[in-house]
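Colleague: I'm new to this one, so please take me on a close look at the place where the two chains meet. After that, carry on into whatever folds sit behind it.

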Amino acid sequence: MNPFAYTRAASADDAVNGIAAKPRAKFLGGGTNLVDLMKMGVEAPETLIDINRLPLAQIEQLPNGGGVRIGAMVRNSDLAEHALIKSSYPVLSEALLSGASPQLRNMATVGGNLLQRTRCYYFYDPAFPACNKRNPGSGCGAINGYNRIHAILGQSDQCIATNPSDMCVALAALDAVVRVRGPKGEREIPFADFHRLPGDTANIDTNLAPDELITAVDLPAIPFAARSHYLKVRDRASYAFALVSVAAALDLDSSQQIKAARVALGGVAHKPWRARKAEEELTGKTADELTFRAAAEAELAAARGYKHNIFKIELAKRAITQALSTVAAVS
Amino acid sequence: MAEGNILGPARNRVDGKAKVTGAAKYSVEFEVPKCAYAWPVDSNIAKGKITGIDTSAAQKSPGVLAIVSHLNAPKPKEPGAKESRDSGHGIRNEERVPFADNEVHYAGQYVALVVAQTIEQARHAARLVRVSYAPEQPLLEMEEAEHRARKPSKNHDENVQLKTGNVDAAFADSSLTRIEQTYSTPTETHNPIEMSGTIAAWEADDKLTLWDSTQFVKGVQSIVSRAWNLPTENVRVICPFVGGAFGCKGAVWPHVLAAAMAAKAAGVPVKFHVRRQDMFTSIGHRTPTQQKVSLAATPDGKLKAMRHVTNTLTSTVGQFTESAGARSTGVMYASPSIWVEETVFPVNMSTPTFMRAPGECPGSYALECAMDELAYALKMDPVELRIINHADNHPVKNVPFSAKHLKECYQVGAEKFGWSKRNPKPASMRDGELLVGWGMATKTYPAHIQGAAARVTLKADGSATVQCATHDLGTGAYTAFTQISSEQLGLPFEKIRFELGKSDYPFGPVAGGSNSTATVGKALHELAEALHQTLAQLAIKDPKSPLQNQNPQDISMVAPGRLGLKTDSSKSDTFIDILRRVRRDSIIVETPLKTEQANKNWAFQSWGADFVEVKINPVLPRVQVTRAVSVINCGRVVTFKPARNQIIGGVNMGIGMALMEATEYDPQTGLPAIRNLADYHVVTNADAPVIDVAFVGEPDFTFNPIGCRGIGEIGIVGAAAAVANAVYHATGKRVRDLPITLDKLI
Ligand SMILES: Cc1cc2nc3c(=O)[nH]c(=O)nc-3n(C[C@H](O)[C@H](O)[C@H](O)COP(=O)(O)OP(=O)(O)OC[C@H]3O[C@@H](n4cnc5c(N)ncnc54)[C@H](O)[C@@H]3O)c2cc1C
Ligand code: SF4
């Protein structure tokens, strides 16, 4: 670990000013990802700006039925257990509870979770010489290496890493909006534009500027999100990252016709993968297994696997079908 | 079943309170004045030469005291790694002194060690060390190492290439039912929660103390003292607690010698606590195996031939071999012909070592899956097939098994599990949408015993301290030895203080091969006899003793704490009275170390049977083990609770082996791609089923005077096969390469 300075921000402005003044600084949320990466030598910030005391830990209903605002410092456990989230957005609560362990969720913040980095072995362990994300231009160790947890959608030949977050898959399905504050003021980033595909800039995970602070995440009001579900497929019963996960919500009429659908996938791409093709395929159809499977096929048509992860293509199709069946069965 | 006969009392752990309150000190937790910290620099190539080590930036980094590498390391001599492990000489599976030269033999090899005042300073400076290499083409795969493959004739004095009867003839006989399949297991890494670690403190040029997390304090002492050319007693090794080991702390690995070298170079005590990631490369692992098993049986299920061909990897700086065939097919069933072959392929990977039931565990996985396949081929119940082929005699050594109650294990296990309700047809049983599978397997593990010595200090208040340089790996050994001491010496359990984990104490062998309870138990039995004779000598000379002038040969313990005449127990005297009358506060009695002579007239093995239920969602087929029954025949169970813990832990480890454990390597660099506990999956609580453990049989007094055969390893044996067989029963799919992750069932 490199020597680093530590400061504590008293306000959001203080935090933003601090980071603007020190380009090699980083915000410290729960620290469950950043500190780990610093110990591994992947991240080496010169200053840590601790934002744990910022008053950003509220969950509030927005006026006029406008949805819910979640402060960036809300802990993952608190968000998962919040009554409003459990009743109106069960997919988000379930996604959070499927992630990590209780101890980690007690520390992890919404802002930090949005920015957690890939678990690609080659990225996480600097003993590996090749990783374009860690060291641009060095190559991709995973493409011809051990790539069980890697991407099947939207990857480039520069990087086949996946985004590991469960929470973000639910947020993608829910069309969340990320509220950020930078030296030039506040802006809103639609969730679909928050994370990036690797292209030839695998080193850049998101469209957040390095000097911007995430202050909140807004969830729009989606009445049918009460009928939603998160399905996580992994290698053991708990405490494992997703091989594939699905966040799904369905708006059904009384004759089981699909009025609207939300589907997002985790574990398959460099960003939480909003399954728009599947959604299109679902809309207007009868909610049954055939429809669900057809939607899954449509979404995965462009998928491409590697030596150790090719199974994810079929797995993702099955997971989509299963998740949608579960949602359809919710009364 | 006569449980009363074999089950000792269900003692709570004597060290339980110290552990839960944090008072128990593990080796690297000792506070040694002026102690500095070491942080390693590892090679990230698998083979080649170090061409340069630039330490200029690291040297200038704050707090740095020394940087040790092949360029400057104090050079201990090679301490004779190859001597037999039973001799008390200690074990080295990696036979290379660290920093010996500029050669790199595997990725993850320590190439330098930075010593600094704080651990943070050491870690930072280690990152500033620049090592340059001239890489060479490494051998990483079995196929690549073909030209260097060898067939060891023995593994620790035991034959591993076996041939009895006429195997070829049986396999040529078309009237027999024959199956032949290849099974493979991946590299598995022990990953105890406490990482290995050593604090080395030179008190003088020729005096060294090591606080080392080890399964063998006397072995560490022997190796380190010989490496530095010191009288044995000048090296002291201290290890009162071990936070799990599973075999990875049995040998002396590079970090132990490196800590001593670094302490010499830095002139202060040095702590080298191995990093989790180095637990995957520097302290051994279970080598991957490929096993071809062929079986031939008559239509009514009688085995006529068994063949087991095992290929495993070892490193180029060690010779460790995993004798999967000899230790499973070589003992398990009565077959008139058995052919076991074993080939080892040296590659540029770190050295493997024993991991819980080395040989028996992967071997039984392959054999017990093959037996299941044979049962299906014969349309026979797998339990019945095993009963038909039950071996009363060792199938290769041809001597009877002592106190074997395997049939009882099958019977009790089947009953507890409800096996008779099993529909043998694959994919026929359901729980709602879930596929249900029931599988079983036989377990076996040899009973090992070695030589040990012990010392007791008996006080006139009736309390005693007993010492032996043995170990508690977290298994409950403190409690078991306290129990045995209490029974054998004849003193109340609460009055015994058992001390272990110090090389100053009388000899104890490596805590490996499930030998400790049998070995130390026997030593305690001998110690009790010696104590009682010493007390008898005092009594017969004492005019006030009812035993005055009796022949000491006629005297023995007639009740706890009381000596008396064997022929007339009304003539007796208590330990306390004997001591008090001669005005002695205490007496000390010590037994010498004797080499244990193997009893060649018998074969000693523990036995057991596992029954396992799995449930699988057919769409997303992750396997969940929902319940298990494990019935064990291991002679006497000294104390029930820790023994049950051992079986539960072993079966869970077997479930992990079956379903998730695998250390995967990067094919390009030879580094493990998986080397942390987030990526290396072991069972979590959510994966662990309720496991019903039962013990059956009788004490095995032919084996040792305590009647116990050891219990640490047998728990894992067979468990993976039982799970794999249950998966086949649930799905109709036979997965023959572990772990059975869901992609293999899609
Ligand atoms: C063993 C293990 C298992 C895990 N398993 C899972 C799992 O199954 N599923 C899953 O989804 N996650 C899992 N996680 C990851 C966990 O969810 C993340 O580590 C956590 O969400 C990160 O949050 P944090 O607050 O600790 O972030 P930090 O580590 O504090 O920060 C992460 C990054 O975000 C930046 N940051 C933090 N807050 C802000 C802000 N407000 N504005 C701008 N930048 C900010 C930091 O500068 C840093 O770059 C696991 C983690 C571990 C260690
Ligand atoms: S997949 Fe991406 S993160 Fe992984 S090695 Fe390749 S470039 Fe690096």
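**Where the chains meet**

Modeller: Let's start with a head count: 37 residues of chain B are in contact with 35 residues of chain A, contact being heavy atoms within 4.5 Å. Before going on, a bit of housekeeping: residues are numbered from 1 along each chain as its sequence is written, while chains are lettered from A and ligands numbered from 1 in the order in which they are written. This is a predicted model, where local features need pLDDT of at least 70, side-chain atom pairs count only at pLDDT 80 or more, and totals for chains, interfaces and linings use all residues; side-chain values use heavy atoms, with hydrogens and water left out.

The two chains bury about 2,900 Å² between them, 58% of it on carbon and sulfur atoms. Buried area here is the accessible area (1.4 Å probe) that two parts lose on being put together, summed over both. On chain B's side, B:Arg127, B:Leu620 and B:Ile746 supply 18% of the area buried against chain A, more than any other three residues.

What about charges? The count between the chains is two salt bridges, meaning a side-chain nitrogen of Lys or Arg within 4 Å of a carboxyl oxygen of Asp or Glu. One of them joins the side chains of B:Asp743 and A:Arg148 at 3.1 Å, N to O. Eleven residue pairs, both residues at pLDDT 80 or more, are in polar contact across the interface; that is a pair of N or O atoms within 3.5 Å, where within protein one must be able to donate a hydrogen and the other to accept it, and residues adjacent in sequence count only if both atoms are side-chain atoms.

Helix α4 (residues 119–128) of chain B gives the most to chain B's touching side, with three residues. Helices (H or I, at least four residues) and strands (E, at least two) are DSSP runs, numbered from the N terminus. The residues of that side divide into 18 nonpolar, ten polar and nine charged. Ala, Val, Leu, Ile, Met, Phe, Trp, Tyr, Cys and Pro count as nonpolar, Asp, Glu, Lys and Arg as charged, and the others, Gly among them, as polar.

Now for the folds. Chain B has five strands forming an open, mixed sheet in the order β9-β17-β16-β15-β10; two strands pair if DSSP finds at least two bridges between them. β9 (162–164) and β10 (177–185) of chain B stand at the edges with a single partner strand each, so one side of each is left without a neighbour in the sheet. In chain B, β10 pairs antiparallel with β15 (residues 289–297) over nine bridges, and B:Tyr183 stands opposite B:Gln291 in β15(B). Helix α8 (residues 360–378) of chain B lies across β10, β15 and β16 (303–315), at about 145 degrees to β10(B); axes are lines fitted to C-alpha atoms, for helices over the stretch in contact, and angles run from 0 to 180 degrees between N-to-C directions.

Chain A has an open sheet too, with four strands in the order β9-β10-β11-β12 and antiparallel pairing. Helix α5 (residues 90–97) of chain A lies across β9 and β10 (244–252) of that chain, at about 25 degrees to β9(A). Helix α13 (residues 311–329) of chain A packs on the sheet, touching β9, β10 and β11.
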